[in-house]
Amino acid sequence: MRAKYLIFSFFSLFLGFGAEWAPTYLSIFASTDYRVLGELKNYQSICDLPGTDNAVCTHEYRIPTADFVSGSAENLSLGIGIVLNASRVWCVGSSGKVLAEFGDIRRPGAIYDLMNLYQSVRIPSEGCSEVRIEAWSARGARRTGYVGGKLAVGRTYEIERLSRLISFLNSDLRLFVALIFIAFFFLSRSVSSIGAQEVESDPFERYIASWVMFLVLSSGFVQAIFPLTSHQSLFSRVSAFFSLVAHFLPVFSFINSAGFLPAFSSFMLRPLLRRKFLGVFEISPGFLFFFAISISPWYISLFAYSGIILSLLAVFSGAFRSSVILLSYGSLLLVNWLKIFGFTGLPHSHVASLFVAAYFAQRFHDKYRAGRKLNATIDWARRIGHSPTESDSLLGVLADFKERFSLGQVSLLRVLDGGRCRVDVLKGSCFEVVQLESPPPVFAHVLSTREMLWNIHEDSILALNLKTKENKEFNYSGKLFTVVPLTSHDQVVGAFSFTGYDLVHLTDVDRLNEIRAAIELIRPVISREIEKSGLQQESDWTRVQIEISDQITAMASAPLREGTEYWAKLSDILFEGLAASGFVARLDYSTRRYQILGISGYSMELKEEYLKRNLYAFSHNEQGPLALVVSKEKPIVISDLRWIKGLLYPGSRELLERNGTGSCAAVPIFDDQRSGRSVWGVIWIERSKGAEVLTPWFEQGLTKLANAVEVFLKAERVARVNTEIELVLAPFVPSRVREKLIAGKSVREDDNGLLMMVDIRGSTRLSQKIGGKEWEAFAGILSERVSEICKSAGYVLQATVWDAFFITKSTAQIGISDDDVALMNKIEELVRVELLSRYDADVVDLNHEGRAVRVCAVYGDISRDLVSGVTKSWTIVGTAMASVHKLEQACKGQSGWVFSDKSCLSLSDTDSWKPINVEISGKDTVVYRLREANNFQVVLNDDDKKAA
């Protein structure tokens, strides 16, 4: 495998040095006038021509015609080599004419690299004693002057042939390589679709679209169709961008996937590999980084230096981990980028692209062979599906399957009546039949979960757990095994397995595709034949499950007042109809513990055992039905308890044995109220050894029973909520109001009375100092104590809003009584004591009278709306609420602590109130302040202080 990548490297370098060996190679077939003169740099001299603002003459080459003209100079041409960026060739002598000009010497580099080819000129037959070549470049250009290609002279057609050959190797070959990439791209997609598996795991394949874009742009094909000479800078930047993406994002992918860096560094590189953009280009931080380079004003320097750094990264990573492919690829990348800095003796062509082309050509060949094999396998499987088969011919199908994929052992399990099973094992050339009382645990696990065990290693935790108590009559051979369930009409009818195969089945994606395609095509054939053999028989199960579902639905339709007692009734209906014992339990997701709601069919002793035992559904449990039903979210049916007897916890096994359980099932109950559709609980079913065996055939009917229980769950939940509403509202809501609330109707309480708004002074400043959360906790404590004081005095705390308590008293008597003022004093004393005991006095805001609250009182419409819920939710909708808010706004900053408007003073002692010069906006009324008269001074006794 490693030698293959070395061959690719030598092949790439051979083609990359095409400009060097091609002149010598063609000399074998050319005439005697054809000669190779060496390298152009041997004729280099100093160029002293004056430059311009944009261009400078960097090199000059002087070639005497005497060196290559012998005899007649007619029909001769000179192959110069490759000269960058713009060049002019002229003749010294009597003619003194310009022979050729490549590019524009006034704007060197304006034509994007189209002249990076082998350049040639025709030599005049007379008047030319010396050929001079001027190399002009843009100021600051890195690659200038002669860069490669032997100097050759010969007949014009021979030099033109040489020029075409070198031009093909240096330019057109990349277009040919791009076509290979495109062909491989579509072949990979077709193989992926046939095998129904994603194949793009190879680092080069991930960025094949970027490779194609880079190669097409650098081949000159796009320039030939769209001569963008006026937008050459844009064209150059686009080409540089795709060059960086195609060459270096695979390096990141190699380093990350192969673990070439420590875990932390690998974690940092992982974000460079993201999902596809427009289906073909990966948009990632690396992608954006290279995009930033291409639009930068200094993109030429950044392009060159970043390429060198990343090439060295690839070389060092490949050497450190002995990765021949990364070391070879990184070395060729380094050759590419060193050429940009003018290093001589390096190949001119894109050797890294040629390396990847050779890699893809080999992959193309492998994919083509894999595709042919896959199609042959699919044809084989389809022929089996269309040909008439008998029960015995199933073994022939498995024998062909074993031979086709070089498997060590193939086994077919068929479930018989009573939970017994037959296993046909093919190790050599003939089958061995094994009759077992119960399936091996690995098969039992697949039959229960209906999920394939794919390439399980025999030393894995799952395999060790499943095979702990495996029957001695049946054994696997080999390090890996695969078990495939066989289903028909969504029912499990058997399983087949294969083992004793090579690791290539695990690592070769093409082989994985082939095996998976064959399995998916032969599974329904084998399942159908097993079902035809009559090994699975349907009973009157359909009629039974319909009767049970109807009874549960009828119970859910009846009015439910207390939901708890109905679970017992539901379990009686369920398990009597099933002729089984079991329970219905709710799952607590935080603890993963089951709470049994209804249990039936057990003896009193066993029922008590189940109720006091802790049953769990731990996520790591891969064997227990009560755990699997949650993790798999589907019914788990165990036709014979002996299948899993050795895998159960001792306590669970003891209970099942005491009940004489022969078969069992766990069915999930789903709840739509949680996020998504998740498992709410479980129906656990046990049938004794003498009863009809629960087989996978029952799964569909059991699911329908679970759906009926879900309908009951919703009805029971509504009944439970209504009961909780009634319990909460009973102390303060009349029965007629409760009935309307439970029916889901809103209720309005029309009422008149006193509304007091008790506002804590300085709450904003205090909450900012102690923090919003601590203030909310403090206000909550005060609210509970204020509510107790109000309740004991015949008042109701209707709401607490941040720092304000809204208190009402239903009364037909207008005014504020001594009892009302006494309540105000109690609440004020409570708030003041709590504030001063918890916080510094300079933080607490007391007025000059030492009061910690401001009370605003009005009399009027205190009607309330009561809405349905598990807690009370009053909304004061009467006009008094608007009045008290306006009063509170008008009284801010006023001395005093109890304020009222005219609505409270009709029957009160007006001598106790003093009008103040404040008017309420929007109302023609006056604000009054309570005087501190003796008849309103209420002092808290010892009991009141203790309560506060």
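At what angle do the axes of helix α9 and helix α10 cross? Keep that in mind as you read these notes on the model, which is a predicted one.

1. **Two helices in contact.** Helix α9 covers residues 285–295 and helix α10 covers residues 299–320; their axes cross at roughly 145° and come within 7 Å. On the α9 side, the contact is made by F290, I293 and S294. On the α10 side, Y299, L302, F303, S306 and L310 take part. Two packed helices are described by the angle between their axes and the distance between the axes.

2. **A sheet of seven strands.** Next, look at the open sheet of 7 strands, whose order is β27-β28-β26-β29-β32-β34-β33, with mixed pairing. Which strands stand at the edges? They are β27 (796–801) and β33 (913–919); each has a single partner strand, so one side of each has no neighbour in the sheet. From one strand to the next, the twist averages 25°.

3. Strand β27 is joined by 5 bridges to β28 (residues 804–810), and the two run antiparallel. Then pick out helix α28 (residues 879–891), which lies across β26 (752–760), β28, β29 (853–861), β32 (898–900), β33 and β34 (926–930). Relative to β29, helix α28 runs at about 150°.

4. **Aromatic rings.** The model has 21 aromatic pairs. One of them is the stacked pair of Y616 and F618, with 4.9 Å from centre to centre and 5° between the planes. Why does this pair count as stacked? Planes under 30 degrees apart are called stacked, and the planes of Y616 and F618 are 5° apart. Y616 counts as partly exposed because its relative accessibility is 33%, and F618 is partly exposed with a relative accessible area of 33%. Elsewhere, ring pairs link F401, F405, F496, F498 and Y501 into a cluster.

5. **Charges over rings.** Which ring does the charged end of R516 sit over? That ring belongs to W454, and the charged end is 4.3 Å from its centre. In another such arrangement, the charged end of R851 sits over the ring of W897, 4.0 Å from its centre.

6. **A residue in a loop.** Finally, visit T32, in the loop between α2 (18–26) and β1 (35–39). Is T32 buried or exposed? T32 counts as exposed because its relative accessibility is 76%. In sequence, T32 and G154 are 122 residues apart, while in space they are 8.3 Å apart, C-alpha to C-alpha.

Note on methods: Residues numbered from 1 in each chain as written. Predicted model: local features only at pLDDT ≥ 70, side-chain atom pairs only at ≥ 80, totals over all residues. Heavy atoms only, no water. Helix = DSSP H or I, 4+ residues; strand = E, 2+ residues; numbered from the N terminus. Buried < 20%, exposed > 50% of the residue type's maximum accessible area, 1.4 Å probe, protein only. Phe/Tyr/Trp six-rings, centres within 6.5 Å; stacked < 30°, edge-to-face > 60°. Lys NZ or Arg CZ within 6 Å of the ring centre and 35° of its normal. Axes fitted to C-alpha atoms, helices over the stretch in contact; angles between N-to-C directions. Contact = heavy atoms within 4.5 Å. Pairing = 2+ DSSP bridges.
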